[in-house]
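Subject: Structure handover

Hi,

Here is the structure for you to look over. Please open it first, then read my notes below.

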Amino acid sequence: MAKISVIGAGMTGSTAAHWLAEREIADVVLVDIMEGMPQGKALDLLEAMPIIGKDAKISGTNDYADTKDSDIIVITAGLPRKPGMTREDLLVKNANIVGSVAEETIKYSPNATYIVLTNPLDTMTYMTMKKTGLPANKVLGQAGVLDSARMSAFIAMETGVSVQNINCYVLGGHGDSMVPLTRHSNIAGVPLEKYIEADKLEAILTRTRKGGGEIVGLLKTGSAFYAPSMAVVQMAEAILSDRKLILPCAVYLDGEYGQKGIFFGVPVMLGKDGVEKIIEYELNDDEMTALQASANAVTKSVEELKGLVEL
Ligand code: APR
């Protein structure tokens with residue numbers, strides 16, 4: 001079986017391990033700085049496997065040597081966003097954590113593909129590429145799958161149609177400037193506007209953009225973890241199965257969508273080589289303007305990071 005190491009065994013990391021093991025997608029190694037916690041969660045999860053008849057092996061550790069020869073490294077290590085805190089407030093603290101995790105893990109798994117979840121997402125993914133020295137196709141950030149899923153969930157709630165019929169695409173940075181593409185989204189091939197009145201659709205787009213904050217406001221002591229971790233599972237499975245699945249992910253752009261040198265959410269094809277292709281949608285002027293505004297926010301965050309930590 002493939003091997004996935006999940007760094008950070010908190011809410012998102014341990015829930016990702018749970019979904020991965022339950023689906024027998026890979027053996028999972030949970031790593032955390034807290035002693036005993038990853039070992040305890042891993043053992044508990046392992047003990048659940050006989051009940052569902054699955055043979056995934058799950059182990060917990062504080063030692064990066066145990067991540068040796070991972071096919072995929074998932075980075076969730078970091079501090080979660082607290083109420084009132086912006087993702088950017090977390091920049092320096094999480095950059096140092098993610099930077100050290102990237103350096104430690106690449107020593108043991110030089111051929112791994114990295115999926116980053118730690119926020120601020122676009123910048124932490126950039127940090128991971130710099131610190132691992134990996135080519136761009138091997139490093140991606142989880143954002144668009146989650147943002148698109150949130151939009152789909154809200155559309156399903158509004159229309160009562162099965163989520164299986166709802167196709168939503170949210171591109172751009174993983175922040176308030178993200179760009180839900182209504183023109184490309186649809187319900188079983190029918191444009192959203194045919195189902196939903198304009199003001200209601202606009203409210204859904206706003207709720208999507210603020211989706212992370214809504215959960216933080218409700219939980220009060222942490223941020224979302226079920227949907228983010230499930231998004232990781234979809235991405236990891238697509239890579240391990242060489243599925244050629246097209247998903248919106250944060251990837252390094254080198255001119256695509258008019259952007260260069262940033263990680264940014266765009267549709268990509270995922271397969272055994274990680275990011276195998278960047279799909280370029282034809283966008284109209286309004287969509288390009290919104291995407292450019294989002295790219296400007298990400299560029300600003302990367303510039304800020306460069307001034308604060310060594311890259
Ligand atoms: N090495 C390994 N693990 C670390 C390190 C480190 N240097 N620093 C912190 N951690 C661990 C913490 O001990 C904790 O168990 O990372 C874990 C983070 O888990 P939670 O606090 O439960 O946070 P979670 O909700 O999982 O979110 C993690 O994902 O979606 C993003 O914004 C979110 O950046 C946050 C990250």
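A word on element names first: helices (H or I, at least four residues) and strands (E, at least two) are DSSP runs, numbered from the N terminus. By that scheme, glutamate 24 sits in the loop between H1 and strand E2 (27-31). Please keep in mind that the model is predicted.

Is the residue buried, partly exposed or exposed? Glutamate 24 has 31% relative accessibility, so it counts as partly exposed; that class runs between the 20% and 50% cut-offs.

Lysine 220 also has a positive phi, near 70°, and is not a glycine. Its loop runs between helix H7 (211-219) and helix H8 (226-240). Relative accessibility is 54% for lysine 220, so the residue counts as exposed. The cut-off for exposed is over 50%.

Then there is a cis peptide bond. It joins asparagine 119 and proline 120, with omega about 0°. Proline 120 belongs to the loop between strand E5 (113-116) and helix H4 (121-132). For context, most residues other than glycine have a negative phi, and most peptide bonds are trans.

**The ligand**

Asparagine 119 turns up again here.

- Threonine 12: a backbone N or O atom, 2.8 Å from a ligand oxygen.
- Aspartate 32: a side-chain N or O atom, 2.7 Å from a ligand oxygen.
- Asparagine 119: a side-chain N or O atom, 2.9 Å from a ligand oxygen.

How much of the ligand does the protein bury? Taken alone, the ligand exposes 720 Å², and the protein buries 87% of that.

**Helix H2**

H2 covers residues 37-52.

Which residues of H2 are buried? Met37, Pro38, Ala42, Leu45 and Met49 are. They cover an arc of only 120° around the axis, so they lie on the same side of H2. The face turned away from that buried side carries the exposed residues Asp44, Pro50 and Ile51.

With 74% relative accessibility, glutamate 35 counts as exposed. Glutamate 35 and threonine 61 are 26 residues apart in sequence, but their C-alpha atoms are 8.0 Å apart in space.

**Strand E10**

The last item is asparagine 186, in strand E10 (residues 186-187). Is it buried or exposed? Asparagine 186 has a relative accessible area of 16%, so it is buried; the cut-off is under 20%. Its side chain reaches the backbone nitrogen of glycine 189 at 2.9 Å.

Best regards

Conventions: Residues are numbered from 1 along each chain as its sequence is written. This is a predicted model: local features need pLDDT of at least 70, side-chain atom pairs count only at pLDDT 80 or more; totals for chains, interfaces and linings use all residues. Side-chain values use heavy atoms; hydrogens and water are left out. A polar contact is a pair of N or O atoms within 3.5 Å; within protein, one must be able to donate a hydrogen and the other to accept it, and residues adjacent in sequence count only if both atoms are side-chain atoms. Accessible areas come from the Shrake-Rupley method with a 1.4 Å probe; for residues, only the protein chains shown count as cover. The expected span of a helix is 1.5 Å times one less than its number of residues. Buried means under 20% relative accessible area, exposed over 50%, partly exposed in between (1.4 Å probe, protein chains only). The arc is that of the directions from the helix axis to the C-beta atoms.
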